[in-house]
Amino acid sequence: MIQLQHLNPTEADTALHRLDPRVKLIVALSLILITGLMPSGAFGAYIALFALMMAEAIIARVSPVLVVARSLAVLPFSLAAVTLIFTGPEPYLAALPVTGWPISEPGLVQCVSIVFKSLISVQAAILLIATTHFTTLLWAMSSLRIPGVLVAIISFMYRYLFLLADEAARLSRARDSRSAVPAGSPVTARSLIFRARTTGRMIGSLLVRAFERSERVYNAMLSRGYTGAPMQIDPPQLCPRDVLIGLIPVLIAASLLAISLII
Amino acid sequence: MHHTIEVENLTYTYPGGHQALIDVSLSVGPDERVALVGPNGAGKSTLMLHLNGIYRPTSGQVTVGGLPVTDDNIGQIRAWVGLVFQNPDDQLFNPRVFDDVAFGPLHMALPEEEVRRRVDAALDAVGMQDYADHISHHLSLGQKKRVAIATVLSMHPKILVLDEPTAGLDPRARRSLINLLDSMERTMLTATHDMRLVADLFTRVVILDNSRVAADGPTGDILSDGALLTEHGLEAP
């Protein structure tokens with residue numbers, strides 16, 4: 001059984017863990033929105049936002065190092081921003097050796113800003129997941145009237161992520177068990193292309209299995225009266241204290257945004 | 001006329017052209033327990049998916065509790081027929097056990113109090129009362145099978161239709177599941193390869209082979225007919 005530890009909240013029981021999940025969800029989304037709206041090159045504000053995330057991590061007794069380390073997973077997606085460096089306007093700082101592409105100063109600033117902003121946004125999401133159980137989060141989404149179909153899709157993603165990970169692990173174990181090597185050969189007798197093709201077929205087979213499973217799951221839903229209409233138990237009232245606590249980081253971030261827009 | 005299943009001359013052809021059921025007729029009376037046996041690919045699962053209208057006959061008719069399976073009756077029929085799928089990972093599609101057991105009752109638009117009561121009672125009936133807040137993925141296969149049964153018990157079905165309830169279970173989990181099924185006073189139609197389960201629990205056996213009903217009779221008669229069993233790839237317990 002594959003354990004996706006990153007998806008589980010930490011063991012600690014802090015004020016942030018206990019905060020109403022609806023408040024946490026809105027706060028995290030607001031922080032991400034505000035970070036996204038920050039103007040390019042407002043590095044002071046980025047540092048302040050980063051400090052805010054680290055402060056939250058400390059309050060939630062989640063290791064700040066861990067939060068930063070996990071957020072690095074977003075870096076490959078920020079790669080798209082690298083093109084800005086070479087397509088931005090003048091002034092140019094230098095030219096890239098060999099290709100001679102010019103390095104644009106505003107482009108560089110934009111690229112670095114996007115990388116910082118994406119890291120901070122992901123850190124906000126990591127803190128949310130680290131303090132809230134996924135099922136609680138789903139409940140929060142539906143009680144905030146996020147459309148039932150969307151919540152259902154996210155719920156399925158969580159439910160079947162484990163199964164697909166298990167299935168992928170079984171497939172690769174089956175492959176490894178039959179990937180024998182003739183005596184005296186190096187570690188693998190086959191070319192990279194051969195192995196890539198095998199992996200491609202495995203991914204294809206995983207896709208087909210997922211597709212067939214989706215049909216069986218849908219049949220199971222229909223059997224129990226699913227009509228597509230959203231169904232849920234009415235959520236309890238929000239506690240004003242929780243709303244107040246949630247307002248603090250949002251207001252700090254919003255004032256940072258206001259300041260950096262004015263300057 | 002409640003608690004009954006009537007299948008008349010049911011023929012079903014899959015969109016690809018494969019004939020999964022040919023002229024199948026079958027009648028299950030109130031509180032009768034019928035085992036559906038036969039080789040893999042005989043059409044057992046296809047037949048079961050007709051009993052609550054997931055599949056509709058290419059020709060022929062299915063009647064449940066006196067109501068024909070049509071779009072107008074489908075809501076009522078799905079409340080009557082508790083269909084438990086073979087793989088509990090298909091049946092349990094919510095992350096949390098509670099939400100899965102509550103799914104059926106919530107769709108019947110029952111008040112919250114009643115939903116909670118039914119979830120408690122259903123989990124209690126299958127011996128899983130302490131697992132409401134557990135994540136389904138972390139349960140063992142035997143536990144998942146029990147929860148899968150609870151997800152239909154919470155709908156108070158009149159008829160239980162089970163696909164391979166004991167497949168893949170270790171002897172203890174299998175025995176406790178058989179005891180659980182034995183304690184239920186309901187019309188029951190179960191597809192299985194487990195011939196000892198058939199001998200223990202069912203009064204009547206229907207053999208489905210090659211998309212057709214090959215035999216239909218009291219369990220004692222069918223299980224003692226060695227030639228018949230061999231002909232359809234089955235073994236006496």
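Some ground rules. Residues count from 1 along each chain as its sequence is written, while chains are lettered from A and ligands numbered from 1 in the order in which they are written. The model is predicted, so to speak of local features we need pLDDT of at least 70, and side-chain atom pairs count only at pLDDT 80 or more, whereas totals for chains, interfaces and linings use all residues.

Let's begin with the six-stranded sheet. Chain B has an open sheet of 6 strands, in the order 6-7-8-3-9-10, with mixed pairing. Strands here are DSSP runs of E, at least two residues long; helices are runs of H or I, at least four; both are numbered from the N terminus. Two strands pair if DSSP finds at least two bridges between them. Which strands stand at the edges? Strand 6 (81–84) and strand 10 (212–218) of chain B do. Each has a single partner strand, so one side of each is left without a neighbour in the sheet. Neighbouring strands are turned by 15° against each other on average, direction ignored. For angles, axes are lines fitted to C-alpha atoms, for helices over the stretch in contact, and the values run from 0 to 180 degrees between N-to-C directions.

Now look at strand 7 (159–163) of chain B. It pairs with strand 6 of chain B in the parallel sense, over 4 bridges. There, B:Leu83 has B:Val161 as its bridge partner. Towards strand 8 (residues 187–191) of chain B, strand 7 also runs parallel, with 5 bridges. B:Leu160 stands opposite B:Met188.

Is strand 7 of chain B enclosed or open? 5 of its 5 residues are buried, so it is largely enclosed by the rest of the structure. Buried means that 20 or more other C-beta atoms lie within 10 Å of the residue's own; exposed means 12 or fewer; partly exposed is in between; the C-beta atoms are placed from the backbone. B:Ile159, B:Val161 and B:Asp163 point one way, and B:Leu160 and B:Leu162 the other.

B:Ile207 stands opposite B:Ala215.

Next, the helices. Helix 6 (residues 141–153) of chain B lies across strands 6 and 7 of chain B, at about 160° to strand 6. Helix 6 also packs against helix 4 of chain B, at an angle of about 35°, with axes 7 Å apart. What meets what? B:Val97, B:Asp100, B:Val101, B:Phe103 and B:Gly104 of helix 4 meet B:Val147, B:Ala150, B:Thr151 and B:Val152 of helix 6. Contact means C-beta atoms, placed from the backbone, within 7 Å. By class, there are 6 nonpolar, 2 polar and 1 charged residues. Nonpolar covers Ala, Val, Leu, Ile, Met, Phe, Trp, Tyr, Cys and Pro; charged covers Asp, Glu, Lys and Arg; the others, Gly among them, are polar.

Some of these names come back in the core. A nonpolar core is a set of buried Ala, Val, Leu, Ile, Met, Phe, Trp, Tyr and Cys residues joined through C-beta atoms within 7 Å. The largest has 73 residues, and B:Val64, B:Val101, B:Ala150 and B:Val161 touch the most other members. Another core lies apart from it, with 38 residues, among them A:Leu19 and A:Met38.

How do the chains meet?

Over to chain A. The buried residues of helix 8 (residues 134–143) include A:Phe134, A:Leu137 and A:Trp139. Their cover includes helix 2 (21–37) and helix 9 (148–178) of chain A. Just after helix 8, A:Arg145 takes a positive phi of about 65°.

Last, back to chain B. B:Asn9 lies in strand 1 of chain B. Its phi is near 45°, a positive value in a residue other than glycine. B:Asn9 is exposed, with 12 other C-beta atoms within 10 Å.

Note on methods
Two residues are in contact if their C-beta atoms, placed from the backbone, lie within 7 Å.
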